[in-house]
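The following exercises are to be worked with the sequence and the model in view. Each task is followed by a solution in steps.

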Amino acid sequence: MEWKVSSGTADKQRTACLVTGFYKGQVLSPVSEQLDATSNGFISGILKRCNLHGEPGQTLLLHNVPGVLADRVLLVGLGDKKSLCAKTLRKCTELVVRYLNEAGSMEAAVYFKDAATNLSCYESIRVMQEASSDALYSFSGFTSKESNGRRPLKRLTFCVPRRRDLKDAENALFHATALSAGKSAARHLGNLPPNVLTPTGLALRARELASQHESLNCTTLGEEELARLGMGAWLAVSRGSANESQLIRLDYRQADDPSSPPIVLIGKGLTFDAGGITLKGSNGMDEMKCDMCGAAAVFGTMLALAELGLPVNVTGILAACENMPDGNAYRPGDVLTTMSGKTIEVLSTDAEGRLVLADAITYTRRMLEPKEIIDVATLTGAAITSLGHVASAMMTNDKHLGRELKRAAKTSGDRVWPLPVDDDYQPIIDSHVADMKNTSWRIAGAVGAACLLSRFAEETPWVHLDIAGTAWLGRDKGATGRPVPLLVQYLIHQCGA
């Protein structure tokens, strides 16, 4: 798929389909008014005879519009002019792109920027590119069905009113295209079946990614190396699986001082989570391939970072393993010694992600001396109960870092919602036989998991993102690629780009 930006008069645009808008009350956007004038009222005349009032996503396809060089003109409802925001523009763009793709249009020129008066040129172009990429994403590769032969949409041109807008538009397109590539990669990894994407399979894809980008370096540690490092919690989780764990490390060093402390992103990578001895119910267990969506998001963020070439030091840690029941599997009641030396009593083997992340955080602190840590994990059902599928839960020990993540969320539209992780909550994971227990059971479940992780982050600035409700949508049985937009935007902000 090719995306472009352009400026120019709409009626002179030679394209298979020209897309423009109208507001509630059948009020034409500026470009639609221009086309209406060129066609001597052809557009407004037809619109008056239709039962379309400009609700977001309503469409009217016109052929042979007088005076217009485009083969067809697609009128799209944009809602109320005064309240046309990024969310509405995203929705309308997604609907239009799906419509064009299903109709067999191979190219189109989109004139929405003039209508989105509340958004800057940068914001409009970026929203439209990301929305169109999302609309065109599909997961395939495991079906024996032949293609239906339909011609896919191959080129979209986003048109801006003035030539002086092109610089901002091109910058937005550059950022959005890289971000969309990372998001699509994360979605693809999340959707892969667990017999294909094992921990070693994820390591192979990380090495392939590094081989394609000179700015990335990939190293992996297997279970022998993890044992030498004393990662007793991580290795306990993987004991019941025939597939070996992998600590996958992607290093990106492009700051002015490559030796300065990096920002470290840690992704939970349970390529399949059966729950271990605390076996999950069979209903929906097939979706537990999604328990590596945190690692997928870090993978996608590193891909986008390499495409953007931002001047920053970042390390991505993909904590990959499986949680399976077996005669050698760890048990409820076990006490595990972590890499830090702290001990954890196991109450549920299905609270495994925090055990893997605990050792991954200690590894990060000791080996990388990071500037800050952001861990990303499909960690708790409690996060879904609290926030549904709209916002990711965010917990942090650093107010400034939390504010920066919230700022990135506002810019990217990839929402977060803060939950507490202060000292008053720490007792809910205290244990009678170890330093802590691995679950607070039904008491503040998402917060309890974060409390455990906070004990390993210690004084390092740290944010925990629980993406259980946002990285995977059960109704669609598909990965969303979140929070790649949030993480990429955070890194863009850190570089002032």
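**Exercise 1.** Determine whether Cys92 is buried or exposed, and whether Cys92 is in a disulfide or in none.

*Solution.* Step 1: Cys92 has 0% relative accessibility and therefore counts as buried (buried means under 20% relative accessible area, exposed over 50%, partly exposed in between, with a 1.4 Å probe and protein chains only). Step 2: the nearest cysteine sulfur to that of Cys92 belongs to Cys85 and is 9.5 Å away, and Cys92 is in no disulfide (a disulfide is a pair of cysteine sulfur atoms within 2.5 Å). Step 3: the count by this rule is zero disulfides.

The model is predicted: local features need pLDDT of at least 70 and side-chain atom pairs pLDDT 80 or more, while totals for chains, interfaces and linings use all residues. Residues are numbered from 1 along each chain as its sequence is written, and side-chain values use heavy atoms, without hydrogens and water.

**Exercise 2.** Describe the surroundings of Ile46 and of Thr343.

*Solution.* Step 1: Ile46 belongs to helix 2 (residues 42-48) (helices, H or I, of at least four residues and strands, E, of at least two are DSSP runs numbered from the N terminus). Step 2: with 18% relative accessibility, Ile46 is buried. Step 3: beyond residues up to four places away in sequence, Ile46 touches Leu60 and Leu62 (contact means heavy atoms within 4.5 Å).

Step 1: Thr343 lies in strand 13 (residues 343-345) and, at 19% relative accessibility, is buried. Step 5: with residues up to four places away set aside, Thr343 touches Val335, Leu336, Thr337, Ala434, Asp435 and Met436.

**Exercise 3.** Which residues have the most contacts inside the largest nonpolar core?

*Solution.* Step 1: this core has 59 residues, and Ile374 and Leu465 have the most contacts inside it (a nonpolar core is a set of buried Ala, Val, Leu, Ile, Met, Phe, Trp, Tyr and Cys residues joined through side-chain atoms within 4.5 Å). Step 2: helix 9 (residues 293-308) gives the largest share of this core, 12 residues. Step 3: neighbours within four places aside, Ile374 is in contact with residues including Val264, Leu405, Leu465 and Tyr490. Step 4: another core, of 49 residues, lies apart from the largest one and has Met231, Ala360, Cys451 and Phe456 among its members.

**Exercise 4.** How many residues line the largest pocket, and which are the closest to its centre?

*Solution.* Step 1: the largest pocket holds about 1,500 Å³ of space. On a 1 Å grid over the protein atoms alone, a pocket is an open set of points where a 1.4 Å probe fits, with protein on both sides within 12 Å along at least five of seven lines, and lining residues have an atom within 4 Å of a point. Step 2: 38 residues line this pocket, and Arg90, Glu94, Asp134, Lys183 and Gly413 are the closest to its centre. Step 3: helix 3 (86-103) and helix 5 (166-191) are among the elements that give two or more residues to the lining.

Definitions and conventions: Points joined across faces, edges and corners; volume = space filled by probe spheres on them.
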